[in-house]
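Visitor: I would like to learn to read a model such as this one. Please take me through it feature by feature.

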Amino acid sequence: GDAIDRLLEARAHELWVDLRRLDFIDSTGLAALIGARRRADAAGAKLRLVVESGPVRDVLELGRMDRVFHIATEPPRTLR
């Protein structure tokens, strides 16, 4: 939360959260992502997720979070 808040205070327009190293996400993690998305929306920024196929992607799709978040399989070239 604090890192996202600092980026939003610095007027970041697009935030990328890299979840590729996760092999598990639960309701607490989903709630944190939703909270971050709400804060980003309120600041006029976009929150984007980087998720490869696997259990985390499956949970996001089962919970229909793929309709809430922009999900990419890798970050944009400018962030690599």
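Visitor: Is Leu 60 buried or exposed?

Guide: Buried means under 20% relative accessible area, exposed over 50%, and partly exposed in between, with a 1.4 Å probe and protein chains only. Leu 60 has a relative accessible area of 0%, so it is buried. This is a predicted model: local features need pLDDT of at least 70, side-chain atom pairs count only at pLDDT 80 or more, and totals for chains, interfaces and linings use all residues. Residues are numbered from 1 along each chain as its sequence is written, and side-chain values use heavy atoms, with hydrogens and water left out.

Visitor: Where does Leu 60 lie, and which residues does it touch?

Guide: Helices (H or I, at least four residues) and strands (E, at least two) are DSSP runs, numbered from the N terminus. Leu 60 lies in helix α3. Contact means heavy atoms within 4.5 Å. Not counting residues up to four places away in sequence, Leu 60 touches Leu 30, Leu 49, Val 51, Met 65, Asp 66 and Ile 71.

Visitor: Which residues of α3 are buried?

Guide: Val 56, Arg 57 and Leu 60 are buried in α3. They cover an arc of only 100° around the axis, which puts them on the same side of α3. The arc is that of the directions from the helix axis to the C-beta atoms. The buried residues of α3 pack against α2, β2 and β3.

Visitor: Why do residues three or four places apart point the same way in an α-helix?

Guide: An α-helix has 3.6 residues a turn, so residues at that spacing point the same way. Now take α2. Its buried residues are Leu 30, Leu 33, Ala 36 and Ala 40. Seen down the axis of α2, the buried residues fall within an arc of 125°, so they line one face of the helix. They pack against α1 (2–9), β1 (14–18), β2 (46–50) and α3 (55–62).

Visitor: Which exposed residues does the face of α2 turned away from its buried side carry?

Guide: That face carries Ser 27, Thr 28, Arg 38 and Ala 42.

Visitor: What span should α2 have?

Guide: The expected span of a helix is 1.5 Å times one less than its number of residues. Helix α2 (residues 27–42) has 16 residues, so it should span 22 Å; its end C-alpha atoms are 22 Å apart, which agrees.

Visitor: Which residue caps the N-terminal end of α2, and what comes just after the helix?

Guide: Asp 26 is the cap: one of its side-chain oxygens lies 3.1 Å from the backbone nitrogen of Thr 28. Just after α2, Gly 44 takes a positive phi of about 80°.

Visitor: Which residues other than glycine have a positive phi?

Guide: Arg 11 is one of them, with phi near 65°. Arg 11 lies in the loop between α1 and β1, and at 68% relative accessibility it counts as exposed. Arg 64 also has a positive phi, of about 60°. Arg 64 is found in the loop between α3 and β3, and at 48% relative accessibility it counts as partly exposed.

Visitor: How many bridges join β1 to β2?

Guide: Two strands pair if DSSP finds at least two bridges between them. Five bridges join β1 to β2, and these strands run parallel. Asp 18 stands opposite Val 50 in β2. β2 also pairs with strand β3 (residues 70–72), in the parallel sense, over three bridges. There, Leu 49 stands opposite Ile 71 in β3. Four of the five residues of β2 are buried, so the strand is largely enclosed by the rest of the structure.

Visitor: Which handedness do the β-α-β units have?

Guide: A crossover is right-handed if, with the strands pointing away from the viewer, the path from the first strand over the helix to the second runs clockwise. β1, α2 and β2 make a right-handed unit. β2, α3 and β3 make a right-handed unit too.

Visitor: Which side chain makes a polar contact with that of Arg 48?

Guide: A polar contact is a pair of N or O atoms within 3.5 Å; within protein, one must be able to donate a hydrogen and the other to accept it, and residues adjacent in sequence count only if both atoms are side-chain atoms. Arg 48 is found in strand β2. Its side chain makes a polar contact with the side chain of Glu 14, at 2.9 Å.
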